[in-house]
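Please keep the sequence and the model in view while reading.

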Amino acid sequence: MFNSEFSSTEFAGMKLHNRFALAPMTRVSAEANGRANARMVEHYKRYAEGGFALLITEGIYPDQAASQGYENQPGLADALQVESWLPIIRAVHDSGAKIIAQLMHAGAQVQYNSFDQQPLGVTEQQPKGAPLGLYGTQESWHDVKAMDESDFERVLNGFLHGIRGAVEAGFDGVELHGANGYLLNEILSTHFNTREDKWGGDMQRRAQFVLEIVKAAREMVPNGFVLGMRLSQITITDQDYQWPEGEESFNWLVQALADAGIDYIHTTDTEVNTPALKGGVRSLAEVVRDAGIPLIVNGGIDDTNYAKVAAHYPESLLALGKAALADPQFVNKVKEGDKPDALDFAMLQPIANIENEMRWRAENKD
Ligand SMILES: Cc1cc2nc3c(=O)[nH]c(=O)nc-3n(C[C@H](O)[C@H](O)[C@H](O)COP(=O)(O)O)c2cc1C
């Protein structure tokens, strides 16, 4: 039977009251020491109350080393940061939704780090383009230190440390950020990963470190704790990147991730249905769907197309970024046949923090 996007569903072992998820969105609104705060409790609560059954947090840094990428980014790297998430998790659960922590290592894409002087990348390669003004001001990318063998171990342990924190805080799961140009995505990308040792080469070789992290995480997390992974080809400053190996190789990657113990794959692209892979005809999401792996789809979903997307990916969750930013009541409104508010990027100026959004909302009330 067709599973309506508004019906309750079971996804990767979680019971959810519908198929709408909040996409991860960095809001650079934590305290300077990386602790979550009351503003963030209200922020996440609005989405749970607005009808989203699953919230995926903004990218959170897992260690006190090179993983932080932004000023006022929250962490899960020390005990007080872990504790600071408790009121958010409680508020979201009290509103009937689930919440997954997105764990992000910034890699070369660092705009601010309070622990390490220099970004750590798979090679010294910098991202294309310029840093995003949305998350703070910075003219150009920093010089990058290429990972040596001990860095691979440190990064792996950093992720496991963050996952331990997420379990302890009471999150329903974690999502490893393998998209948008951050470290795990860089490792999969031939723009960044030109290594000639065991960590570089074709997709099978480039993916080995990501698979090691997944296997180690799977061994560590308790039963019922969800382990997901976000993947894209594109990055925040390069909308055109494609893996050279194409569709078959992406199909191999998603199968390998499933074999390593991932519970779901979250694909992101500028538009969810566009054929994405070199020489292929399917979107990233279609490849995961056809492989029968639990899927979260993201990219350009709004009030005009969500039902079509839901039907095209019948078992999947629909993750909304900009449409959710525009209107935290999106799900409640479309369910009632009401028109949600459109996005005005002015709410994210001069930077994308919650304070600026709230000021803009107060000034632009009907
Ligand atoms: C302000 C802002 C912050 C974002 N931060 C993150 C992030 O922390 N992690 C991530 O994986 N994606 C992040 N994204 C990307 C979104 O999750 C999403 O993939 C993108 O906006 C495309 O989906 P949409 O068309 O529904 O907006 C961010 C997007 C925006 C607009």
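The axes of helix 4 (residues 149-169) and helix 7 come within 10 Å and cross at roughly 35°. This is a predicted model, in which local features need pLDDT of at least 70, side-chain atom pairs count only at pLDDT 80 or more, and totals for chains, interfaces and linings use all residues. Residues are numbered from 1 along each chain as its sequence is written, and side-chain values use heavy atoms, with hydrogens and water left out.

**Terms for elements and angles**
- Helices (H or I, at least four residues) and strands (E, at least two) are DSSP runs, numbered from the N terminus.
- Axes are lines fitted to C-alpha atoms, for helices over the stretch in contact, and angles run from 0 to 180 degrees between N-to-C directions.

**Helix 4 with helix 7**
- Helix 4 contributes Phe152, Val155, Leu156, Phe159, Leu160, Ile163 and Arg164 to the contact (heavy atoms within 4.5 Å).
- From helix 7 come Phe209, Glu212, Ile213, Ala216, Ala217 and Met220.
- The residues of this contact divide into eleven nonpolar, no polar and two charged.
- Here Ala, Val, Leu, Ile, Met, Phe, Trp, Tyr, Cys and Pro count as nonpolar, Asp, Glu, Lys and Arg as charged, and the others, Gly among them, as polar.

**Helix 7 with helix 8**
- The axes of helix 7 (residues 208-220) and helix 8 (residues 247-260) come within 8 Å, crossing at roughly 25°.
- Helix 7 and helix 8 are therefore roughly parallel (angles under 35 degrees; over 145 is roughly antiparallel, 65 to 115 roughly perpendicular and the rest oblique).
- Helix 7 passes helix 8 in a right-handed crossing.
- On helix 7 the contact uses Gln208, Val210, Leu211, Val214, Lys215 and Arg218, and on helix 8 Trp252, Ala256, Leu257 and Ala260.
- Seven of the residues in the contact of helix 7 with helix 8 are nonpolar, one is polar and two are charged.

**Helix 1 with helix 3**
- Helix 1 and helix 3 (residues 86-94) have axes that come within 9 Å and cross at roughly 20°.
- Helix 1 and helix 3 are therefore roughly parallel to each other.
- Their crossing is right-handed.
- Met40, Val41, Tyr44, Lys45 and Ala48 of helix 1 meet Pro87, Ile88, Ala91 and Val92 of helix 3.
- This contact has eight nonpolar residues, no polar and one charged.

**Barrel**
- Eight strands form a closed barrel in the order 3-4-5-8-9-10-11-12, with parallel pairing (two strands pair if DSSP finds at least two bridges between them).
- Neighbouring strands of this sheet are turned by 25° against each other on average, direction ignored.
- Strand 3 (residues 20-22) runs parallel to strand 4 (residues 54-60), joined by two bridges.
- Ala21 has Leu54 of strand 4 as its bridge partner.
- Helix 1 (residues 38-49) lies across strand 3 and strand 4, at about 145° to strand 4.
- Helix 7 lies across strand 8 (173-180) and strand 9 (226-235), at about 165° to strand 9.

**Backbone exceptions**
- Most residues other than glycine have a negative phi, and most peptide bonds are trans.
- Ala12 has a positive phi of about 50°, and lies in the loop between strand 1 (9-11) and strand 2 (14-16).
- Gln349 and Pro350 are joined by a cis peptide bond, with omega about -5°.
- Pro350 sits in the loop between helix 12 (330-335) and helix 13 (354-363).

Note on methods
A crossing is left-handed if the near helix is turned anticlockwise from the far one by less than a right angle, and right-handed if clockwise.
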